[in-house]
Amino acid sequence: MRDKRTPASRSGRRRRPSGPLAAIEAPARAAQARAGRLAILGGLLWPVQAALVAWAIAGWLTHAPLAHSLVAGAGFAVAGILRALLDQWGGAILFRAADEVLASERAAAIARESLRSAGGVTGGADGGPSSAALGALVAQKLPLLVPYLTHYRPARFRVMVLPFVFIALTAWVSWVAALILVVAGPLIPLFMALVGMAAKEASARQMVEIGDMNALLMDRLAALADIRLLDATERTARDFGARAEGLRVRTMAVLRIAFLSSTVLELFSALGVAMMAVYVGFSLLGQINFGAWGHLSVGEGIFLLLLAPEYFQPLRDLAAAWHDKAAADAVAEELAAGAAAEATPVLGEGATAAPLPGPLSLRVEGAAVRRGSGWVRLPNFTLARGEALALTGPSGAGKSTALAAIAGLARAEVGEITVAGAPLTDANADAWRARLAWVGQAPHFLDAALAENLDLRATGADPAPALAAARAEGVVAGLPGGLAARLGETGGGISGGEARRLTLARALMAAPDLLLADEPTADLDAETALAVIAALMALKARGTALIVATHDEGLIAAMDRAVAVPARGPARAAEDTEAGSQAETSAETEA
Amino acid sequence: MKPLLTIFRKIWAAAPGAMTRGAVLTVVVLVAGASLLGLSGWFITAAGAAGLTAGALDFNVFGPSAGVRGLALGRTAARYGERLLTHDATLRALAALRIDLMRRQTRAGLDTLLRLRGATALNRITADVDALDGVALRLVLPLAAGLITHVLAFFLLAWLVDETVALWVALGYFVGGAVILTATARAGLQPSIRAERGAQALRRAVIDMGRARTELVVFGRMEAQRGTVLAADAETRGALDALDRAERRAGLALSSVATLLAGGALAIGGALVSRGALDPASAALGFFVALGLGEMLFGLRRGMAELGRMRDAAGRVLDDETAPGAVEEVVAEPSAPTSALTSAPTMALTPADGTALLEISGLTYRRPGAGRPVLDALSLSVAAGETVAVSGPSGSGKSTLLFLCAGLLAPESGMIALAGTPLPDLGERTLRAQLTLVPQRAALVAGTIRENLALACDDLTDAEAEAALAAVALSHVIAAKGGLDATLGEGGAGLSGGETRRLVLARALLRRPRVLLLDEPTEGLDPETARAVLDGIRAWLPQAAILTASHRAAELGWAGRVVPIA
């Protein structure tokens with residue numbers, strides 16, 4: 001799934017790659033070429049229509065019969081409808097191609113971000129975008145590729161052909177008229193290239209602002225109760241106001257460039273048409289007597305007048321699409337940056353898998369996990385079925401990270417973690433986790449009914465026993481709708497202790513062989529904490545092994561053993577057996 | 001349609017001057033565009049006719065040629081001005097609408113705030129507001145300008161050319177445009193609603209995926225979640241496909257109508273000329289104006305196709321407005337009075353001598369729908385400089401008591417007074433200035449440590465911030481992470497549970513409240529740290545009345561008095 005981009009980049013290399021956008025676009029190239037040919041065909045119908053009109057109006061001056069006008073009018077309409085049909089056909093091809101690109105880019109981004117290692121911490125993963133910014137990227141920014149794919153490339157196809165055809169046709173009638181077009185035309189791409197550079201920068205800034213505003217807003221919305229309590233409503237509204245205003249300013253900067261450039265284009269095009277009209281008019285009156293091959297007729301004049309705006313049209317389309325290109329470039333670069341930041345994904349795919357066979361055993365030997373510039377070193381230990389271990393250590397030593405490494409959520413780049421007799425790898429991580437359950441420090445509830453949140457493995461089992469064991473029946477009973485209630489993202493609407501008991505019930509429902517719990521008794525009063533410990537012991541009695549990260553003395557005492565997470569340091573020291581394991585063994589205490 | 005009109009009025013009202021000028025310019029652009037083509041065609045045909053009849057010397061060339069140049073330049077300038085004015089005014093109105101929605105959200109009851117699903121509220125403030133940008137720009141303004149231009153075109157054509165031509169062109173565009181655009185709006189209605197809702201569902205699912213990564217991976221649910229995300233994506237793209245088809249069909253129909261009308265104008269003009277009822281130049285004028293008028297219909301296509309999306313979004317945005325807290329993302333709760341506070345202005349509080357800072361008497365509170373009250377005629381007072389801990393098992397109402405004291409819930413009976421003044425007589429701002437509650441689940445925000453602390457007060461100095469961190473024994477931790485400029489991730493990620501707790505306490509200390517309410521203040525801290533933090537709090541606020549909800553030994557030992565509640 002993660003290799004989805006490879007074919008694209010390979011064909012991008014064949015076709016002179018020019019940045020991440022070219023790679024994204026590669027699969028749509030063939031469709032774009034086909035649609036481009038249809039658009040050119042449609043564009044070539046216009047001189048036919050123009051000739052029919054010219055013929056009709058010239059006929060009026062020479063008192064041609066009525067049939068003359070009727071034929072011209074009918075021909076004009078038929079050719080016009082044919083042109084519209086070609087347009088619609090080309091549009092369908094382009095949309096389908098763009099849609100496929102959008103689908104594959106979304107799938108790739110989702111696949112990558114879903115497996116970014118969060119290191120056991122809920123929320124913003126290492127180096128990755130915040131979840132709100134990610135939501136903005138996937139839902140709001142990726143669709144900006146579509147206008148680029150459907151407009152820019154076909155416009156380029158048209159620009160390569162149609163203006164030259166129109167200049168040739170014009171020159172056939174009058175070289176001065178052709179000269180007018182030749183002079184006015186090329187200024188447009190030149191100007192657009194200059195504007196394009198500014199537009200790209202402005203678009204990139206707008207993209208950043210969209211992401212930032214989303215992230216800030218999501219965060220503040222989650223903390224609204226605190227904000228109210230701190231009387232920070234006004235300050236927060238002001239902060240957000242500055243962001244919203246910033247987004248307006250950035251958007252306006254993009255639009256101003258877009259408007260200015262299209263105005264310049266329209267100016268060239270309007271002046272080109274006006275000059276054409278004046279030149280033709282004066283020629284017809286005989287006040288200009290050069291340029292045409294012989295004397296310019298009325299029909300020829302009308303023909304030239306009708307060709308002029310269509311000569312500029314592909315150039316104007318291309319210019320309008322420059323801004324789509326600028327936006328798409330900015331999105332492509334953000335995507336590429338996201339792909340590059342793919343430092344350490346979690347092990348495995350996070351999929352449902354058959355549990356890893358064999359009796360439960362866990363051995364950690366010299367393992368260390370990179371965290372920022374430092375390393376979190378795991379204590380060495382072994383664990384078998386039904387054993388209970390406490391991971392202790394001062395706040396911030398890396399207890400959560402150690403749990404994450406054991407669950408394959410963080411990659412131990414040195415040392416070894418052996419699970420059920422085999423080293424923990426990408427291949428067996430999902431199967432290993434199928435035997436685990438997790439009670440995190442900061443619970444997160446999905447946007448679904450509580451019942452679904454409790455039964456994450458979708459076993460369909462009755463949650464009542466697990467709720468009872470976790471002392472959480474009262475919590476559910478107190479919620480409006482009970483098991484059908486939807487909670488806020490972090491369990492808003494219930495207290496911390498209640499949320500903790502629900503996550504414990506969730507873990508119990510999974511009937512794991514090994515339960516990993518990060519501070520399971522935090523936020524609980526003594527009585528409930530004892531009940532939770534009793535629930536853990538009952539689980540242990542059933543043969544479940546336990547690893548808890550905690551500094552709750554009562555909980556530590558209830559475990560069979562305790563090992564201290566060594567202080568952070570270089571990874572070598574973790575591999576280095578002497579000093580390291582010496583300290584760890586001394587920290588081990590029999591309960 | 002009513003929500004759309006309401007939104008349009010809001011957008012218009014945000015900058016009525018700019019909007020009016022923009023609207024006028026919109027008409028100017030359309031009129032100048034059609035006139036430019038018409039005048040050019042007329043000029044060339046007339047010049048040709050004059051050239052043929054040797055009347056060339058009498059022909060006034062300067063008027064028309066100046067007109068052509070003037071219209072060309074005027075149209076370009078008007079277009080630039082129109083776009084700039086209307087877009088700027090719209091974006092200003094939308095920014096104001098966003099801020100307004102955010103503010104309204106903060107005023108909702110505590111219950112609503114706690115249960116708020118951020119992703120849904122986020123959609124409301126970003127995506128729904130974004131969807132409204134077309135109401136003025138792509139719908140109302142072009143529709144109005146198009147109608148005005150067609151009426152003008154009818155009278156001008158009737159006057160300059162011929163009634164038959166005028167009727168054919170104006171009526172043709174009016175009827176054809178009305179039929180096609182109505183059909184487009186109808187065909188696009190459901191797809192555009194589905195596309196927007198799908199995109200919002202997609203965003204919610206992606207945010208869920210990001211926030212619950214750990215749980216989803218451990219429980220093997222990540223693949224299913226990816227499936228949910230991709231299903232939302234497929235739904236959106238399917239709807240967009242239908243929308244695109246509707247739009248393309250509209251384009252085809254409009255092009256066909258425009259080309260038929262122009263072709264017809266050519267034929268009718270020819271017929272009139274051949275009967276001698278019309279001169280060729282005027283007939284040409286008719287044809288070219290017919291050709292030029294087609295342009296304005298195409299601008300309306302997108303707006304009509306998106307009508308459903310705009311109407312749906314407008315409905316949701318306005319819904320939030322009329323009923324704060326009653327929106328879909330909030331679990332419906334039997335609506336008790338959510339706040340016990342009036343919005344009276346700030347006032348100074350000076351207790352009479354001997355009055356306790358916090359006085360609770362006969363307080364009874366029943367959870368909504370519950371039979372037995374959770375607090376029954378509770379009386380308690382906390383004097384300045386005193387520390388009182390309420391203890392009791394989970395669910396005994398400790399947190400509820402603190403919420404009542406903070407004015408976040410209204411009691412059934414009894415009274416809470418702050419320095420002798422009953423809570424309901426205090427304004428929200430006075431109360432917040434005097435009293436700070438640190439709830440169990442206090443949240444941090446993404447940003448620097450300084451930004452998190454600055455939520456507590458304006459003009460936070462570094463020295464003050466450092467001092468507050470020192471008071472909660474957090475200086476070393478923060479220094480190791482890079483000091484006040486160290487950045488935290490989403491929801492304050494990057495700190496351990498205990499560190500988060502201490503930062504939240506430091507933030508509360510910076511408010512320097514006279515009454516401090518703490519719900520399990522040292523949860524997640526080891527006993528020594530807990531002791532240091534509690535002593536730091538008292539040293540920081542020697543005269544404050546402190547009321548805690550506690551069950552840990554460190555906290556109970558620290559309190560001067562422990563009040564067990566059943």
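Hi everyone, let's start with confidence. In chain B, the element with the lowest mean pLDDT is helix α4, residues 110-115, at 68, while strand β10, residues 545-549, has the highest, at 94. Keep in mind that this is a predicted model. There is also a stretch of chain B, residues 323-346, where the pLDDT is below 50; beyond near neighbours in sequence, that stretch has 57 contacts in the model. Chain B averages 85, and 91% of its residues score at least 70. For the complex, the predictor gives an ipTM of 0.84 and a pTM of 0.80.

Let's go back to β10 of chain B. Is this strand enclosed or open? Well, 5 of the 5 residues of β10(B) are buried, so the strand is largely enclosed by the rest of the structure. B:A545, B:L547 and B:A549 point one way, B:I546 and B:T548 point the other way, and all are buried.

Which strands pair with β10(B)? One is β3 of chain B, residues 387-391, which runs parallel to β10(B) over 4 bridges; here B:V390 has B:A549 as its bridge partner. Another is β9 of chain B, residues 515-519, also parallel, over 5 bridges, with B:V515 bridged to B:A545.

Now for another sheet. Chain B has an open sheet of 4 strands in the order β2-β1-β4-β5, with antiparallel pairing. Its edges are β2 (375-382) and β5 (421-422) of chain B, each pairing on one side only. Helix α12 of chain B, residues 398-405, packs on this sheet and touches β1, β2 and β4 of chain B; its direction makes about 120° with that of β1(B).

How values were computed:
Residues are numbered from 1 along each chain as its sequence is written. Chains are lettered from A and ligands numbered from 1 in the order in which they are written. This is a predicted model: local features need pLDDT of at least 70, side-chain atom pairs count only at pLDDT 80 or more; totals for chains, interfaces and linings use all residues. pLDDT is the predictor's confidence in each residue, from 0 to 100. Helices (H or I, at least four residues) and strands (E, at least two) are DSSP runs, numbered from the N terminus. Two residues are in contact if their C-beta atoms, placed from the backbone, lie within 7 Å. Two strands pair if DSSP finds at least two bridges between them. Axes are lines fitted to C-alpha atoms, for helices over the stretch in contact, and angles run from 0 to 180 degrees between N-to-C directions. A residue is buried if 20 or more other C-beta atoms lie within 10 Å of its own, exposed if 12 or fewer, and partly exposed in between; C-beta atoms are placed from the backbone.
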